[in-house]
Amino acid sequence: MILDQIEAFDRLVKSELPSRPAQLFGKACVLGGSIAGLLAARVLSDHAREVVVVESDEVNVKGRPRAGVPQDRQGHGLLPGGGAQIERWLPGITKEAESLGAVLADPERQAIYVDGYRQARGSDAAILMGSRPFLESRIRERVLALPNVSTVAARATGFEYRDEAVCAVRYATSGTGKESVMATDFVVDAMGRSSRLSEWVERDGYDRPRLERVRTGINYATAHFERSVNHRAEDLVSALARVSPSLSIDGVTVGAVNAIEDNQWLVMLMAYGENGAATSMENFRSACGKLPPIFAKATSGAVTRDILTYHQADSRRRVFAGCSHYPARLISVGDAVASYSPVYGQGITSAALHGSCLSQYLTSGPDLTTAAGAFFALQEVVVDAAWAVSAGGDAAMMDEITGAEVPEDIQRQRWGMQQIAQATLTDETVSRAFTEVAYMLAHPSVLGDPSLIERAVAVNRGT
Ligand SMILES: Cc1cc2nc3c(=O)[nH]c(=O)nc-3n(C[C@H](O)[C@H](O)[C@H](O)COP(=O)(O)OP(=O)(O)OC[C@H]3O[C@@H](n4cnc5c(N)ncnc54)[C@H](O)[C@@H]3O)c2cc1C
């Protein structure tokens, strides 16, 4: 079972663009035109004569936050697993983004610190860095340039059905509120964490997907600073610092620094539970001064965007696989399916992999008269993999903070992970395995391999 999951995950990570995609639909409709929706639209453009993206926000207004994406001004990193998926669907986007000021950090210029110690070199993958609005705008430009993709500025409000399949989307046009119905052959819900899809299908007599929540209580603070043009080519441009709760720095347990567009540094500090991440610039800079030196350097320049905070109470996932009565021709992607603990940076990558799940589903000759069970099963492989890393990591952190009692089997697993985490500081083989999982290039089960844990134990003992 686990081997099947590893194989399915690997196939998604390495999959190619469909060579001769079959046109299955006249019109496909994507609800939500953020990152997950745009990537789904790209995939659907291979299989539909026309793809319409329905988005309620006014998008691409430079400097104005998005109401529908309240997290968009917070620190976002694109994991290499997601970067590779997006590059595959939109070839050349990495170079284009770089030419517009994004920074591609090769492995020598990335650092991960654990309690102040730098991890040994891990994955060979480069990281593309830009703010979230910048990355979204690059993806939007490329997807909307496709001749068969268009947008409608409107708020989706529900569905109509024929023969147990969705056959139309109801929507209210932005500005006028005029209500209309759009006939469609396939629908993708990409309406984010607060998607109303569950309520709509339940209201219409179908099963409601089960919602799972894990309390996280995460507090983010993000600010931007001027990045000197004298920055040397070999200097670090990306750093992540993790701090054990017992050693937390003014409550901060995670910090991240990324060089982004417009010669800026993006700096993010995160605190769990009652601890707010620094909200005054004085406290922000003071906490950065106690993290590895790149944090002080990045915050030493002029402030280009002041501190913005964000609180997320829980991680959530919706489980579709258990629905026995669900409409055909309807799927969900991105945060509408799973919104993980943000510090693991998995959301965009997971959304991109959902796009690849959709492509595999549509190229497999699916039975479109029944619910998309094969798609949901594949998507669950991606969500389970990401969830195991982030929800598992957060639960360990919260248990340490609250001193909760932990069952023996979980204690054993955590002991193995601690051995691996410690060995990443000195051993490149362990560090590579660990970062490939963190970057969503490999399935997390590879870290349960007894030979890897034995190696980590031996490294840590110095034997
Ligand atoms: C604090 C924070 C930090 C994060 N950091 C990272 C990170 O470092 N790396 C990473 O990969 N991910 C990160 N994430 C997750 C990331 O933001 C999301 O995974 C990513 O934005 C993709 O989400 P999405 O497209 O599914 O949904 P969203 O970006 O939330 O977009 C949903 C869209 O649907 C639209 N919409 C909603 N309702 C309707 C409707 N009825 N009709 C029409 N349109 C509608 C909205 O306007 C919006 O455009 C972070 C999240 C948070 C909260």
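Counting Ala, Val, Leu, Ile, Met, Phe, Trp, Tyr, Cys and Pro as nonpolar, Asp, Glu, Lys and Arg as charged, and the others, Gly among them, as polar, the shell around the ligand in this predicted model comprises 12 nonpolar, 15 polar and six charged residues. Of the 33 residues around the ligand, those that come nearest are Ser34, Glu55, His76, Gly77 and Asp335.

An N or O atom in the side chain of Glu55 is 2.6 Å from a ligand oxygen, a polar side-chain atom of His76 lies 2.7 Å from an oxygen atom of the ligand, and for Gln71 the corresponding distance between a polar side-chain atom and a ligand oxygen is 2.9 Å. The ligand taken alone exposes 1,000 Å², of which the protein buries 93%. Two or more residues of the shell are given by each of the elements α2 (35-44), β2 (48-55), β7 (149-162), β15 (303-319) and α9 (347-363), with β7 giving the most, namely three residues. In terms of domains, at least three residues of the shell are drawn from domain 1 (2-83 + 136-213 + 317-388), and at least three from domain 2 (103-129 + 215-313).

Helix α3 (residues 80-89) is largely enclosed by the rest of the structure, because eight of its 10 residues are buried. The buried residues of α3 are Pro80, Gly81, Gly82, Gly83, Gln85, Ile86, Arg88 and Trp89.

Aromatic side chains were examined next. The model contains 11 aromatic pairs. In one of the pairs, the ring centres of Phe25 and Phe186 are 4.9 Å apart and their planes lie at 25 degrees, and since planes under 30 degrees apart count as stacked, the pair is assigned to that class. Because Phe25 lies in strand β1 (residues 25-31) and Phe186 in strand β10 (residues 186-189), this pair ties together parts that are 161 residues apart in sequence. Phe25 has a relative accessibility of 2% and therefore counts as buried, and Phe186, with a relative accessible area of 0%, is buried as well. An edge-to-face arrangement is found for the aromatic pair of Phe375 and Phe376, with 5.7 Å from centre to centre and 70 degrees between the planes. Phe375 and Phe376 are both buried, and together with Phe320, Tyr326 and Tyr361 they form one aromatic cluster.

Methods. Residues numbered from 1 in each chain as written. Predicted model: local features only at pLDDT ≥ 70, side-chain atom pairs only at ≥ 80, totals over all residues. Heavy atoms only, no water. Near = heavy atom within 4 Å. Polar contact = N/O pair within 3.5 Å; in protein donor to acceptor, adjacent residues only side chain to side chain. Areas by Shrake-Rupley, 256 points an atom, 1.4 Å probe, with all protein chains shown as cover. Helix = DSSP H or I, 4+ residues; strand = E, 2+ residues; numbered from the N terminus. Domains from an automatic or database assignment. Buried < 20%, exposed > 50% of the residue type's maximum accessible area, 1.4 Å probe, protein only. Phe/Tyr/Trp six-rings, centres within 6.5 Å; stacked < 30°, edge-to-face > 60°.
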